[in-house]
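Look at the structure first, then follow the dialogue.

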Amino acid sequence: MRVETDLKLGFKDVLIRPKRSTLKSRSQVNLERTFTFLHSRRQWSGVPVIAANMDTVGTFEVAQVLAEFGMLTAIHKHYSLEAWDTFLARQGEEIYQRIMVSTGSSEADFERLGTILAAHPKLEFICIDVANGYAESFVQFVARVRAAWPEKTIVAGNVVTGEMVEELLLSGADIVKVGIGPGSACTTRVKTGVGYPQLSAVIECADAAHGLGGRIISDGGCASAGDVAKAFGGGADFVMLGGMFAGHDESGGELVERGGITYKLFYGMSSATAMEKHAGGVAEYRSSEGKTVEVPYRGPIAETVKDILGGVRSACTYVGAGALKELTKRTTFIRVAEQENLTFS
């Protein structure tokens, strides 16, 4: 046993210090990034915000809207091949740069992934998603997927430390998903005592990834547009959002009315709700590590997208970053004991 005593930070622990700026308007800020990925060598351009691969968030309907903004959606893994066929038949060529095929790491997952990619070879992104990216079997699965589809851009996670980011990149991942326990519907930290404050995880993992030419996704922990800006400021190449994209017309989840207010269900993919829906219940050897919550109905997702992107543009203007790629170079975080005035919350 050992104890590390240096402080680790979450988004709530910091603010971005403003700096002198020559920008006259938020409209001058360019949020688009262009990346050439480590192994696939594919080039991608767009706004690097991703809807999470949860079945209440990563839906085809969400993907259609986010694609209009140049953003990505990690489509959840529970759609049938027929559903993929129907969706893609209605889309143009651009959609292939805006969606990810999600998979777990079982043999059945590998076979299902192969079926979808064989039917739709233009799909560019594979998102290999497990709760614990530290398992050696997971690293081997990433290498297997890389060998099977060398031309695809592979996302793998989740991890929170630099050495594991490096191992996944060296095993074939192009992008590593960073975050254990920060999600609004996740209870991993409560059930297991395991986790890592998200901002410190992003800062440390970005440093490790960029040293090898890889990229990272900050996955989880964002409750506001300001948190998204902090994730980018900390070095994240992409930011993945779950709860912030829940509760909309295009989101999954059952509509519920309570006390004259309409809600939509939102649940973690390790929750009892998700496991009963997709796996016949919670296995005897494990516990549920997610929760089910009722999110107030929010209407069309496009309005939320505009609010998030507007907040990130504004953050860039406060530090003089004319483009999103400049934000991390111009970010100085200050530790704080307060974030906002909640007198009239």
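Q: What counts as a helix or a strand here?
A: Helices (H or I, at least four residues) and strands (E, at least two) are DSSP runs, numbered from the N terminus. Take G181: this residue is found in the loop between β9 and α6 (188-192). G183 has its place in the loop between β9 and α6 too. This is a predicted model, where local features need pLDDT of at least 70, side-chain atom pairs count only at pLDDT 80 or more, and totals for chains, interfaces and linings use all residues. Residues are numbered from 1 along each chain as its sequence is written, and side-chain values use heavy atoms, with hydrogens and water left out.

Q: Which residues does the UniProt annotation "binding site" cover?
A: UniProt positions are given in the numbering used here, with feature names shortened, and annotations may be inferred rather than shown by experiment. In this unreviewed entry, "binding site" covers G181 and G183.

Q: Is G181 buried or exposed?
A: Buried means under 20% relative accessible area, exposed over 50%, and partly exposed in between (1.4 Å probe, protein chains only). G181 has a relative accessible area of 15%, so it is buried. G183 comes to 26% and counts as partly exposed.

Q: Which residues is G181 in contact with, leaving aside its neighbours within four places in sequence?
A: Contact means heavy atoms within 4.5 Å. With those neighbours left aside, G181 touches C186, T188 and R189. On the same terms, G183 is in contact with G220 and G221.

Q: How many salt bridges are there?
A: A salt bridge is a side-chain nitrogen of Lys or Arg within 4 Å of a carboxyl oxygen of Asp or Glu. By this rule there are 17. One of them joins R146 and D174, with the closest N and O atoms 2.6 Å apart. R146 lies in helix α4 (residues 136-148) and D174 in the loop between α5 (162-170) and β9 (175-178), so the pair ties together parts that are 28 residues apart in sequence. Both R146 and D174 are buried.

Q: Are R2 and E4 buried or exposed?
A: Both are exposed. R2 forms a salt bridge with E4, at 3.2 Å between the closest N and O atoms.

Q: How do strands β12 and β13 run?
A: Two strands pair if DSSP finds at least two bridges between them. Four bridges join β12 (residues 255-258) to β13 (residues 261-267), and the two run antiparallel. L255 stands opposite K264 in β13. The strands form a hairpin with two residues between them. In the turn, G259 has a positive phi of about 60°.
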